[in-house]
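Hi everyone, thanks for coming. Have a look at the screen, and I'll talk you through what I found.

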Amino acid sequence: MGRGAVLACLLLLPPLPVPACPAACRCSAGEADCSERALRAVPPGLAANTSALCLAYNLIAALGPRSLPPLPRLLRLALPHNRLALIHGRALAGLGALRELDLSNNLLTALAPETFVPLASLATLDLGSNRLRELDPAVLRALPQLRALALQDNPWACGCGILPLWRWLSHNRDKVREQNSLRCRVPAQLNKHPILDFGNESFRQCQETSLPAQHYVAFFIIGPFSFMASIFVCTFMGSITVIYHNLRREPHFWRRLRVCSGR
């Protein structure tokens with residue numbers, strides 16, 4: 001076959017597939033850089049083989065359950081310097097291979113315990129410079145491979161509510177970055193006090209056996225009924241006891257009763 005015939009065959013072949021890349025991003029070798037594009041959502045059209053995704057310096061305010069497509073090969077996800085205030089509990093599903101997650105410099109005030117459950121391989125997590133006052137340690141216990149955690153520059157409220165997090169941090173000091181930057185914001189007398197400088201005695205006043213509010217409501221409702229029921233039972237049992245003793249003291253009680261009744 002001549003060269004002309006070979007060239008003609010090659011021209012008839014379909015073009016090789018080009019990895020998808022959103023128009024707002026720059027893609028190269030499995031990495032997608034979508035930073036500084038004033039994006040309000042994750043752009044559609046990301047290639048399934050994307051291994052790194054940068055969405056820094058955008059306007060993304062929330063991650064819903066369908067905000068991110070399944071990216072089974074994604075290793076690094078960066079979302080710093082956005083307006084992120086909400087992450088749905090299923091927002092990160094489909095990112096099981098993720099190793100690094102940067103959520104710093106956002107507006108996060110709370111995280112649900114199930115937020116990071118899909119990220120079984122996550123080793124590095126940056127939650128610095130958000131608006132976190134407390135953090136349920138269940139959020140962190142869902143990450144079995146966690147090796148590096150950043151929590152600095154959050155307005156931590158150092159009351160009894162921070163006790164569970166303090167315990168987790170105290171047992172995982174080797175994972176906490178910039179420990180001296182992890183400081184209280186409130187109350188005022190503890191402003192800028194390093195959280196990891198507290199000891200067990202600092203939380204002595206905290207009632208660890210406190211119950212949820214709904215339990216107290218149940219006590220207020222059930223308590224009075226239980227009290228009245230106990231009085232009724234005690235009165236009834238007391239009456240039975242008195243009658244029994246009277247019968248023992250007066251053996252002719254029933255005979256007099258018959259006479260009085262005319263029987």
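Okay, how much accessible surface does the protein chain have, and what share of it belongs to carbon and sulfur atoms? It comes to about 16,600 Å², with 60% belonging to carbon and sulfur atoms. Areas like that come from the Shrake-Rupley method with a 1.4 Å probe, and for residues, only the protein chains shown count as cover.

Some ground rules. This is a predicted model, where local features need pLDDT of at least 70 and side-chain atom pairs count only at pLDDT 80 or more, while totals for chains, interfaces and linings use all residues. Residues are numbered from 1 along each chain as its sequence is written, and side-chain values use heavy atoms, leaving out hydrogens and water.

Now the overall picture. The protein chain has five helices and eleven strands; those are DSSP runs, numbered from the N terminus, with helices being H or I of at least four residues and strands E of at least two. Of the 263 residues in the protein chain, 33% are buried, meaning under 20% relative accessible area with a 1.4 Å probe, protein chains only.

On to the sheet. Seven strands form an open sheet in the order β1-β2-β3-β5-β7-β8-β9, with mixed pairing; two strands pair if DSSP finds at least two bridges between them. β1 (26-28) and β9 stand at the edges with a single partner strand each, so one side of each has no neighbour in the sheet. From one strand to the next, the twist averages 5°, using axes fitted as lines to C-alpha atoms and angles that run from 0 to 180 degrees between N-to-C directions. Strands β8 (residues 124-126) and β9 run parallel, joined by three bridges, and D126 sits opposite A150 in β9.

Next, helix α3, residues 163-171: which of its residues are buried? They're L163, L165, W166, W168 and L169. Their cover includes α2 (138-141), β9 (148-150) and β10 (156-157).

Last stop, N106, in the loop between β7 (100-102) and β8. N106 counts as buried because its relative accessibility is 4%. Its side chain reaches the backbone oxygen of S104 at 3.0 Å, and a polar atom of that N106 side chain lies 3.0 Å from the backbone nitrogen of L84. Leaving aside neighbours within four places in sequence, N106 has contacts (heavy atoms within 4.5 Å) that include L79, P80, S129 and N130.

Technical notes
Buried means under 20% relative accessible area, exposed over 50%, partly exposed in between (1.4 Å probe, protein chains only). A polar contact is a pair of N or O atoms within 3.5 Å; within protein, one must be able to donate a hydrogen and the other to accept it, and residues adjacent in sequence count only if both atoms are side-chain atoms.
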